[in-house]
Amino acid sequence: MRAAILPVVGLLVAGYLALGSEDEAAILWARIKQADAAHDIAAERRLLDQAAAVQATAKERGRFERRLAVLQWKYDRDVEGARERLRAAAIGTEATRAWLALCRLELEVGTPDAAVAAADQARAIASVAGARRAARRASARAVVERAVRARRAGGAGVDEALRAVWQELLDDVRAEPGELGPSRLLLRAGVLLEEWPSVLTAWRSYYQVAPGLAAPNTVIGAGERLAAACGDPSDGGEAQRTAQIEALAESLFFEAAALAALAPAAPTALRQQPRVREVLAYAALLRDFEVMTEDYYRLTALGRGDKTRYREALAERSAAFFEALGVESSGDADARLERLSELADERFRAMINFGMTAGYYDLHMGHRAIDDRRTVEQYGKRADVRFISLDTIVSNGFQSWAWEDGGQHGGWATAETIIQVRPAYADGPLRTWRQMHAPSERGPFEQELARESELDWSRAAKDRHAYLPGLRLRMRRQGLEALLSRLREQGLEGDGLRAAFIAELQRAIQESSIFAHEGRHAIDNAGPGRSAPGWQKEFTAKLSEVAFAPEPRLSLGGILSANIGSDSPHGRANLKVMEGLVEWMSKHRAEIEGLERERPLLPQLDRLTNEQLRNAFRSMDPLANE
């Protein structure tokens, strides 16, 4: 499978370097990110080992230390060593980030009390708006996770900290609806506390239901049933509880549905109902699949992944699920996993896809929130496709796990179907809006932009097709500011401007990375292009991604990428694009306003107009030039 890569890139980047002697640190960090993009853990370790010998600001030094700690716990399983490193790094301006990293570590290794304590430390010292928000979110996640574990263990899972976090989440979601993380946390906290009106508030926020906007088509009915089941808090009978559980499960909130079934107030007989028993078994299966898959990915990154053993382990774990459903299952691992795929699709709208992505055997598994039809047309070629948007993601592939916050798979396509990973798209526009309007964050961004843009000249002088972080930041900023300016020209302001910006940015990203990029895969897979090598298919899909983008500058994040020139299909395709762009700019020098002819060309890509960008991408496309 060839997944579209959706970078997780907001307007801002973490940290910046002061102008002066820290060039070496900036260059080293760029090389570390390239090694990370290529999943070369050994090279990344070697580069991080060099960090102690370079001059760097406190921000850069903290970034090196946090990344080293991630390698220690994520790959080496040296949890105590990573704890010590992060505690030692929790000083000065970088203390908040170190405590947040420690909170994440404790959550991932299953020690929520320690995670809560680390989040509390971060909250106590966070001094700027972005850090305070991050600390508040980390604290909420840790407290809710602790309560969830207590509920699964047979307790109530309710304490004063949970109620305080629930109130904070409710206030945040009401003030800024639509962000997935806080909405999901609020929903789980509301279920634990039996605060059902807030569960409905969280549901509508998660699915971004607003005046004039409907929920995704497969969950609309479930939302209506949940609203009815949340109505009378004094009822609390078995029928109402059953309706709540079923509506949550139909809404793809399987964990929350299981928490409702395990509530002390829930009748014991409830858990013996066939559908409730299925939901409990399925929620447990998803948790175990996620843990088992991430362990397999860790071994894969270290060169020791065994896909046969991995599949056998998943097939063996599926036995309890089959038993809960009263289904016979026999045969080898392949037969049992095929049966699991059929049942999970039939009863929970799951899509399970095992296969090769960018050279790695991995799993893509999620649940259908949108299931619709769409016609894609490019250069006179058409593809009538089924469009599916997945939510409640169990695994989004090896690369998404390995890249963490640096990028993720946004979707994939066959000749008949386009699949989108909904969480990869839903939050980005909201975060971008917040970042564009946070004065405390614009200063660091501008300094980072200036520093990386200056370094781009030397990078391009050494390699005229190189990855240029400054160019990537400038192109995105130009696209965002142009979009905002057009909306203001329409007379929009305040909440109306915010809503329109978020909707338009979400639409632009979806149209380019899903319907243009994945639509091109569907067109190619239905014609002679289906036999082309993987990198060639990614190359043509990237050409369409920009040529048919509503906002071409906002469609370049997966192309102006640290993986340019790597041996992956995306890396090879991105290098081919860079070569084509430099060639087009060379041929059209006289048409590019403000071009400095004696300087490298690629750092000046941002001087092209949107139509010139589209023309440059069309010029490389054999389909456009037939």
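In total, 23 aromatic pairs were counted, a pair being two rings of Phe, Tyr or Trp (its six-membered ring) with centres within 6.5 Å; planes under 30 degrees apart count as stacked, over 60 as edge-to-face and the rest as tilted. The structure is a predicted model, in which local features need pLDDT of at least 70, side-chain atom pairs count only at pLDDT 80 or more, and totals for chains, interfaces and linings use all residues. Residues are numbered from 1 along each chain as its sequence is written, and side-chain values use heavy atoms, with hydrogens and water left out.

Phe321 and Phe322 form a tilted pair, 6.3 Å centre to centre with 45° between the planes. Phe321 is buried at 1% relative accessibility, where buried means under 20% relative accessible area, exposed over 50% and partly exposed in between (1.4 Å probe, protein chains only). Phe322 is buried as well, at 3%. Another tilted pair, Phe387 and Phe515, has its centres 4.9 Å apart and its planes at 55°. Phe387 lies in strand E4 (residues 381–396) and Phe515 in helix H22 (residues 494–525), so this pair ties together parts 128 residues apart in sequence; helices (H or I, at least four residues) and strands (E, at least two) are DSSP runs, numbered from the N terminus. Phe387 is buried at 6% relative accessibility, and Phe515 at 5%.

One aromatic cluster includes Tyr75, Phe354, Tyr361 and Trp401. The charged end of Lys74 sits over the ring of Trp401, 4.2 Å from its centre, the criterion being NZ of Lys or CZ of Arg within 6 Å of the ring centre and within 35 degrees of the ring normal. Arg311 lies over the face of Phe354, 4.9 Å from the ring centre.
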